Amino acid sequence: MTLYPKFSKKRVGPNVICEQRLLQNVSNLILNTDTCTGCGVCAESCPEEAITVSMVGATKREKGITYATPIEIDPEKCSYCGVCQIMCPFNALTLTVDGVERLPILEKEGFPQWDIVADIDQEKCIKCTICEDVCPRDAIIREVPEFEGEMKEKVAAYDRGEIDTQNAVEVYKTATALSRVGRYQDAIRAYDQALEIDPRNPLALYNKGTALARLGRYEEALKAYEDARAIELDETTLANLKKYTAGKPRYEALKAKTTFEVDMEKCNVCGICGTLCPSITVKRKPFTAETGKVEGDVLFDETTCDACKVCVDACPEEAITVTREVEDKKLEGEVNIDKDLCCTCTWCSTNCPTEAITMEKLFEGDIEINPELCPSGCSTCVEVCPCNAIYLPSPPPASEMRGQQEEKIAINKDLCILCGACVYACPGEDIIVLKRTGLRMKGPETDLFKRIKEKLCTPRTSKVKEETAGTTQIKVLEST
């Protein structure tokens with residue numbers, strides 16, 4: 001005859017399910033191994049010490065790769081209180097009672113919860129793709145309406161990888177389409193591709209400069225503009241220029257107003273501007289002895305002008321002025337943050353070009369890595385870091401390496417959330433030291449929470465011990 005409670009543990013897809021079956025109800029603690037980072041916060045928070053962290057979590061965290069379970073839950077020790085679910089910074093744990101998500105610790109005595117500050121000011125947000133691209137947790141939800149016409153086709157082809165990267169015109173058009181929809185990072189990459197094929201393309205340089213400026217990278221933008229202006233147009237470049245600009249409905253696409261003015265008191269009707277640019281036509285009057293000089297007019301087609309100002313630079317009399325007013329066309333839509341996935345690493349807020357994102361980290365404190373103790377060839381901490389905050393520094397030029405050792409490992413503290421995944425994963429001893437000083441939580445500070453907070457905020461470093469040969473290496477954390 002079976003006595004209650006009954007305990008079991010099984011794996012279903014990415015989920016490890018620990019079950020406690022009582023007479024009155026059934027509780028399930030579900031660990032999603034795809035979401036779990038092995039940071040150990042659940043283990044440090046568990047009042048029953050039912051959770052342990054092992055080295056098996058130290059595997060590559062690339063998207064789409066299933067990795068081993070970094071934490072182990074003892075279903076018989078677990079009280080199914082829900083503290084681990086509340087404290088998990090990555091929402092990898094879920095507790096259900098009779099199939100319904102419930103947190104008995106909240107119902108019993110109350111318990112504080114994470115005070116997540118991760119918001120986007122929609123007025124400031126330009127709906128670009130930076131936050132979406134840099135987020136290591138796929139927590140950005142970017143919903144913008146599709147755009148119509150050729151631009152849509154170009155961007156869709158780019159996303160499908162169907163762009164002919166050897167065709168300068170094709171790549172340039174794609175870059176322009178990407179820029180039109182606010183995907184400036186992708187646009188810059190595409191402009192660079194176009195410039196690799198045709199480095200003397202002033203339009204690609206000018207438009208790249210505009211994309212850079214949109215991202216606030218003004219110095220790089222100025223450099224691109226200067227490079228464009230410095231180009232002395234030869235026949236090939238001139239042919240490309242005409243090819244790129246001919247027949248393009250740029251006025252409609254940009255909704256821009258370009259003003260082209262010629263000071264006819266200065267203009268000698270030399271025709272250079274018309275030769276360089278297909279948007280300009282120089283019409284000379286019949287030469288007669290009545291005036292005894294060359295006269296005419298300079299006409300301008302705004303619909304094909306890119307405001308590249310090649311004509312301004314080339315005019316020997318400095319008679320031409322070109323100005324462009326571009327309508328501030330704001331990409332419509334909405335960008336939001338999925339707070340269940342957000343780990344507050346601040347990648348998005350740090351890189352937002354309009355400072356539209358407000359974010360506060362869950363933990364306060366500091367972390368130190370002693371690279372001198374790092375074992376050669378090891379990059380485990382880099383691989384497990386859920387925030388992409390740890391990195392292998394780029395080696396300096398060989399000329400600067402004399403007498404210096406290559407830097408093994410480094411951390412960007414601005415992006416680290418102090419979760420501790422690296423500390424658990426590090427196979428060395430006393431290499432990473434984690435010191436938390438506070439937790440950003442709100443709610444009643446119960447005695448249980450105070451004990452958990454004290455434990456989480458105890459400085460710690462990694463210690464490793466080897467069990468007998470052939471067994472799994474076990475990580476043991478000790479307070480400093």
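The following dialogue goes through a predicted model and asks how its descriptions follow from their definitions.

Visitor: What makes up the secondary structure of the chain, and how is it defined?
Guide: The chain has 17 helices and 23 strands, where helices (H or I, at least four residues) and strands (E, at least two) are DSSP runs numbered from the N terminus. This is a predicted model, in which local features need pLDDT of at least 70 and side-chain atom pairs count only at pLDDT 80 or more, while totals for chains, interfaces and linings use all residues. Residues are numbered from 1 along each chain as its sequence is written, and side-chain values use heavy atoms, with hydrogens and water left out.

Visitor: What makes one side of H9 the buried side?
Guide: Helix H9 (residues 218-230) has 13 residues and reaches 18 Å from its first C-alpha to its last, close to the 18 Å expected. Its buried residues are Ala 221, Ala 224 and Ala 228. They cover an arc of only 60 degrees around the axis, which puts them on the same side of H9; the arc is that of the directions from the helix axis to the C-beta atoms. An α-helix has 3.6 residues a turn, so residues three or four places apart point the same way. The buried residues of H9 pack against helix H8 (202-214), contact meaning heavy atoms within 4.5 Å, while the face turned away from that side carries the exposed residues Glu 219, Glu 226 and Ala 230.

Visitor: Why is the pair of Trp 114 and Phe 363 called edge-to-face?
Guide: Rings of Phe, Tyr and Trp (its six-membered ring) pair if their centres lie within 6.5 Å, and planes under 30 degrees apart count as stacked, over 60 as edge-to-face and the rest as tilted. By this rule there are four aromatic pairs. The rings of Trp 114 and Phe 363 have their centres 5.1 Å apart and their planes at 75 degrees, so this pair is edge-to-face. Trp 114 lies in strand S8 (residues 113-114) and Phe 363 in strand S17 (residues 363-369), so the pair ties together parts that are 249 residues apart in sequence. Both Trp 114 and Phe 363 are buried.

Visitor: What makes the pair of Tyr 172 and Tyr 191 tilted?
Guide: The two rings are 5.9 Å apart centre to centre, with 55 degrees between the planes, and the pair is accordingly classed as tilted. Tyr 172 belongs to helix H6 (residues 168-180) and Tyr 191 to helix H7 (residues 184-197), so the pair ties together parts 19 residues apart in sequence. Tyr 191 counts as buried because its relative accessibility is 1%.

Visitor: How do you know that the charge of Arg 436 sits over the ring of Phe 363?
Guide: The rule requires NZ of Lys or CZ of Arg to be within 6 Å of the ring centre and within 35 degrees of the ring normal. The charged end of Arg 436 sits over the ring of Phe 363, 4.7 Å from its centre.

Visitor: What makes a set of residues a nonpolar core, and which residues have the most contacts inside the largest one?
Guide: A nonpolar core is a set of buried Ala, Val, Leu, Ile, Met, Phe, Trp, Tyr and Cys residues joined through side-chain atoms within 4.5 Å. The largest has 65 residues, and those with the most contacts inside it are Leu 29, Met 87, Phe 111 and Ile 432. Apart from it lies another core, of 23 residues, including Tyr 172 and Leu 205.

How values were computed:
Expected span 1.5 Å × (residues − 1). Buried < 20%, exposed > 50% of the residue type's maximum accessible area, 1.4 Å probe, protein only.
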